[in-house]
Amino acid sequence: MAKHPIARSCGVLVLRDKLSQKKKTVAREFLLMRHKDRWDLPKGHVDLGETDHDCAMRELWEETGIERDDIAIDPTFRWETRYDVKWDGKPVEKTLVIFLGLLTREVKIKPTEHAGFEWFPWNPPHAVQKQTIDALLAAAEKHLAAQ
């Protein structure tokens with residue numbers, strides 16, 4: 001049986017460490033993309049023959065302008081969840097895979113598929129969106145604290 005076209009999506013939770021010149025401190029932030037009615041991650045559907053990592057990097061570039069050389073992907077973090085979505089009125093189980101990346105340099109974000117974007121302070125626990133984002137942020141916090 002062929003896989004459903006929307007059954008798998010991949011993306012990146014993008015972090016940056018922002019230096020405050022005034023306070024001489026570093027503050028960690030994470031990137032979310034703005035839809036008309038919610039926040040989301042840069043992510044999208046896996047193309048035929050594409051790996052999860054390649055999909056995540058392609059979607060990141062397409063939706064933000066962040067290139068592979070702009071970000072260091074954490075090789076030990078991979079978050080996955082499944083949930084039901086509707087496709088032509090029928091339920092389809094979707095798998096979402098998210099990688100964790102830290103910007104290696106300042107990048108101008110160029111949203112192409114979203115109304116905008118925002119950098120949020122890394123200040124757990126977070127309450128952004130219950131279904132996926134909050135659980136992802138909690139898993140990332142646990143992962144980062146263990147390093």
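How many bridges join E1 to E2, and do they run parallel or antiparallel? There are 6 bridges between E1 and E2, and the two strands run antiparallel. Here helices (H or I, at least four residues) and strands (E, at least two) are DSSP runs numbered from the N terminus, and two strands pair if DSSP finds at least two bridges between them.

A quick word on what you're looking at. This is a predicted model, in which local features need pLDDT of at least 70 and side-chain atom pairs count only at pLDDT 80 or more, while totals for chains, interfaces and linings use all residues. Residues are numbered from 1 along each chain as its sequence is written, and side-chain values use heavy atoms, with hydrogens and water left out.

Back to E1 and its pairings:

| Pair | Bridges | Direction | Residues standing opposite |
|---|---|---|---|
| E1 and E6 | 8 bridges | parallel | Gly11 and Ile98 |
| E1 and E4 | 3 bridges | antiparallel | Gly11 and Lys43 |
| E1 and E2 | 6 bridges | antiparallel | Leu19 and Val26 |

So much for the strands; now the helices. Helix H1 covers residues 52-64, and its end C-alpha atoms are 18 Å apart, which agrees with the 18 Å that 13 residues should span at 1.5 Å a residue. That expected span is 1.5 Å times one less than the number of residues. Just after H1, Gly65 takes a positive phi of about 85°.

A nonpolar core is a set of buried Ala, Val, Leu, Ile, Met, Phe, Trp, Tyr and Cys residues joined through side-chain atoms within 4.5 Å. The largest one has 21 residues, with Leu13 and Phe30 touching the most other members. E1, E2, E5, E6 and H2 (133-145) each supply at least two residues of this core, and H2 gives the most, with 5 residues. Apart from this core lies another, of 17 residues, including Cys55 and Val97.

Leaving aside neighbours within four places in sequence, Phe30 is in contact with Leu13, Trp119, Trp122 and Leu137, among others.

How values were computed: Buried < 20%, exposed > 50% of the residue type's maximum accessible area, 1.4 Å probe, protein only. Contact = heavy atoms within 4.5 Å.
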